[in-house]
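Take a moment with the sequence and the model before reading on. The walk-through below goes from the overall layout to single residues.

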Amino acid sequence: MSLDVAAPCEDHAGMISQRYQLYVERTDPARNMARYYAMEIEPTMFGEACLTRRWGRIGKRGQEKKHVFERQEEAVRLFLELVKQKRGRGYRPKTTLRHSRS
């Protein structure tokens, strides 16, 4: 195969077919709690699926953990399991207050 000619690539098995992202927060001023949890699934250089999780106090860097899977389905399964877990613990999508200008 020549590097000068673009060769068609028929192998789509290693590509992420859909974008998976989540950002949720859990706040409780009475307990001085202001936490975030973020996840996304992206392909690695080698075509694997990588689920990246980030969490911590809102406004701080927090922690990060990466999970690499051979198949996208495995990453999605963990993603959905974690979404269910976070909802059960009170995490909700970030709400923004909009002020109307009159």
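Strands here are DSSP runs of E at least two residues long, and they are numbered from the N terminus. With that numbering, G59 sits in the loop between β3 and β4. This glycine is exposed, because its relative accessible area is 77% and the cut-off for exposed is over 50%. The C-alpha atom of G59 lies 8.9 Å from that of R35, although 24 residues separate the two along the chain.

Now the whole chain. The model is a predicted one. From the N terminus on, the order is β-β-β-β-α-β. The chain has 102 residues, and 27% of them count as buried. Take the contacts with a separation of 6 or more: residues 24 or more positions apart account for 38% of them.

Next comes the helix, α1.

Which residues of α1 are buried? They are Q72, A75, V76, F79, L82 and K86. These residues cover an arc of only 130° around the axis, so they lie on the same side of α1. The spacing fits a general rule. An α-helix has 3.6 residues a turn, so residues three or four places apart point the same way. The other side of α1 carries exposed residues: R77, E81, K84 and G88.

What covers the buried residues of α1? The cover includes four strands: β1 (20-28), β2 (33-43), β3 (49-57) and β4 (63-69). After α1 comes G90, which has a positive phi, near 100°.

E25 belongs to strand β1. It is buried, yet it has no salt bridge. The nearest side chain of opposite charge is that of K94, 4.6 Å away. What polar partner does the side chain of E25 have? It makes a polar contact with the side chain of Y23, at 2.8 Å.

Conventions. Residues are numbered from 1 along each chain as its sequence is written. This is a predicted model: local features need pLDDT of at least 70, side-chain atom pairs count only at pLDDT 80 or more; totals for chains, interfaces and linings use all residues. Side-chain values use heavy atoms; hydrogens and water are left out. Buried means under 20% relative accessible area, exposed over 50%, partly exposed in between (1.4 Å probe, protein chains only). The arc is that of the directions from the helix axis to the C-beta atoms. Contact means heavy atoms within 4.5 Å. Lys and Arg count as positive and Asp and Glu as negative; His and the chain ends are not counted. A salt bridge is a side-chain nitrogen of Lys or Arg within 4 Å of a carboxyl oxygen of Asp or Glu. A polar contact is a pair of N or O atoms within 3.5 Å; within protein, one must be able to donate a hydrogen and the other to accept it, and residues adjacent in sequence count only if both atoms are side-chain atoms.
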